[in-house]
Amino acid sequence: MTPIDIIILAAGLGTRMKSSLPKALHRLAGRPMLGYVLDAAAAAGARRCVLVTGHGAAEVEAYAQDWARADGQNHAQPELLAVRQQPQLGTGHAAQQAAPLLPDDGIMLILNGDVPLVQPETLARLIALCEGAHLALLTVDTGQDAGAYGRIVRAAAAGADAPVRAIAEARDAAPAELAITEWYSGIMAAPTRLLKKYLALLTNNNAQREFYLTDVVRHAALDSAQVRALRIADVAQVAGVNSPAQLAELERQVQRRHALRLMEDGVRLADPARFDLRGDLRCGQDVEIDIGCVFEGNVSLADGVRVGAHCVIAHARIEAGAVIHPFTHIDGGEQGVAVGPGARVGPYARLRPGAQLGADVHIGNFVEVKNSTLAPGAKANHLAYLGDAEVGARVNYGAGSITANYDGANKHRTVIEADVHVGSNCVLVAPLTVGAGGTVAAGSTLTQSAPPGALTVARARQKSYPGWRRPSKQD
Ligand code: UD1
Ligand code: MG
């Protein structure tokens with residue numbers, strides 16, 4: 001089999017994004033577009049992959065290295081090289097920088113850093129179409145105005161499958177060409193030897209004073225090489241991202257796919273158009289997700305979990321039957337968050353890294369939990385903070401109570417043993433332990449441990465002054 005080598009064009013400024021972030025690093029479903037393109041390159045079984053960078057080169061190359069370390073491990077990886085294009089004089093000029101790094105015996109597949117959703121099967125078909133001798137272009141025909149995309153110009157009078165003569169860039173196209181509805185995806189495959197020959201012939205005699213890669217088609221046609229088009233129906237696969245509007249459009253398509261896949265697995269989404277997944281979501285049976293929720297990183301929802309409207313859940317494991325009420329924010333970060341079976345969280349709760357809730361724990365509105373373990377049945381229902389704490393089974397942690405875990409320099413742990421009742425508005429100044437079964441009176445500020453089984457009161461005694469007269473205004 002002829003070896004496949006890939007060029008990924010990712011040097012452009014992405015002017016229409018109006019952003020300081022290099023275009024290929026803009027995120028689609030939470031992940032840089034370049035990640036998708038590198039995945040496609042790996043799935044194509046490439047021997048070598050040359051990434052052309054320019055605008056924000058260091059950032060783009062750093063991401064590619066991260067990909068190779070992490071995401072790329074799932075594939076047999078191609079040898080990944082980067083070449084810098086300075087200045088950026090067009091897509092043809094970009095390909096010219098990379099071509100010398102590709103051996104002549106292979107097939108060159110050109111991918112674009114801003115065309116993220118092309119599927120491996122499509123690339124395999126495109127490579128097959130070039131049959132080691134032809135130029136093969138990936139195209140689509142929506143029957144509608146092709147916008148800023150390059151038009152596929154075919155030989156006259158021979159119909160939709162006539163030989164391709166040229167690609168006319170929108171800014172250079174004659175009116176008749178502009179009316180063509182078949183457009184070029186930015187993805188092509190051709191024998192490396194042949195493509196190198198045509199790349200050497202490019203000029204910048206056009207509206208943008210750029211070296212257009214698409215002009216290789218004209219040269220191929222003049223050279224009487226065959227130019228073939230693989231015209232697919234799925235626009236999402238070939239859609240380019242040049243502006244925030246196009247990015248958002250593609251985002252909705254990706255999200256729609258995620259939503260459909262989950263619903264096929266039985267997940268009940270209140271509205272697939274109001275669902276966002278930016279990572280990996282695994283769901284058990286009878287999971288319900290209300291509108292407006294965002295899931296990030298690795299999240300699992302076990303059987304029967306219900307997630308209320310407008311929750312953000314990242315890096316978390318939610319066990320069977322747990323209910324997350326609306327407007328709850330859970331972010332486990334690197335440590336993760338675990339919510340035990342049957343637990344109730346929210347509305348308006350916040351679980352931060354290292355929050356570990358046991359079975360049937362209740363966390364209510366405006367309660368924040370960080371790096372704390374709550375044993376089964378513990379409850380903190382209103383306006384409270386638990387940080388660096390170990391909370392025993394069935395503890396009731398009163399409204400407005402706080403673990404003062406930070407002394408300005410170090411963090412300290414608070415231990416609240418089983419069956420403790422902490423009244424409202426208490427401050428537990430760590431480190432300390434409240435012994436099992438103890439009660440802490442409302443409004444107490446504890447600076448040392450409280451014994452088990454006792455009532456501990458740590459506040460000023462209440463006094464009343466009978467007949468007290470308030471000062472009155474003097475005339
Ligand atoms: C390009 C094609 C157009 C096609 C469209 C598909 C050309 C001239 N036009 O247009 O026919 O319909 O893609 O999405 O090829 N890049 C570089 N160096 C440069 C310029 C661009 O590496 O000097 C990279 C960009 O980072 C981008 C890709 O090449 O990843 C395409 O460039 P872009 O400016 O987006 O071209 P389009 O106008 O989309
Ligand atoms: Mg583009």
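Reader: What radius of gyration does the chain have, next to a compact globule of 475 residues?
Author: The chain has 31 Å, whereas a compact globule of 475 residues would be near 23 Å. The radius is taken over C-alpha atoms, and the globule rule is 2.2 Å times the number of residues to the power 0.38. Along its principal axes the C-alpha trace spans about 105 × 65 × 40 Å. This is a predicted model: local features need pLDDT of at least 70, side-chain atom pairs count only at pLDDT 80 or more, and totals for chains, interfaces and linings use all residues. Residues are numbered from 1 along each chain as its sequence is written, chains are lettered from A and ligands numbered from 1 in the order in which they are written, and side-chain values use heavy atoms, with hydrogens and water left out.

Reader: Thanks! How many helices and strands are there?
Author: Nine helices and 38 strands. These are DSSP runs, numbered from the N terminus: H or I of at least four residues for helices, E of at least two for strands.

Reader: And how much of the chain is buried?
Author: Buried residues are 49% of the 475. Buried means under 20% relative accessible area, exposed over 50%, and partly exposed in between, with a 1.4 Å probe and protein chains only.

Reader: Is helix α1 enclosed or open?
Author: Helix α1 (residues 33-43) is largely enclosed by the rest of the structure, because 10 of its 11 residues are buried. Among them are M33, Y36 and D39. After α1 comes G45, which has a positive phi near 70°.

Reader: Last one: where is T139, and what does it contact?
Author: T139 is in strand β7 (residues 135-141) and is buried, with a relative accessible area of 0%. Beyond its neighbours within four places in sequence, T139 contacts I152, E182, W183, A229, L230, R231 and I232. Contact means heavy atoms within 4.5 Å.
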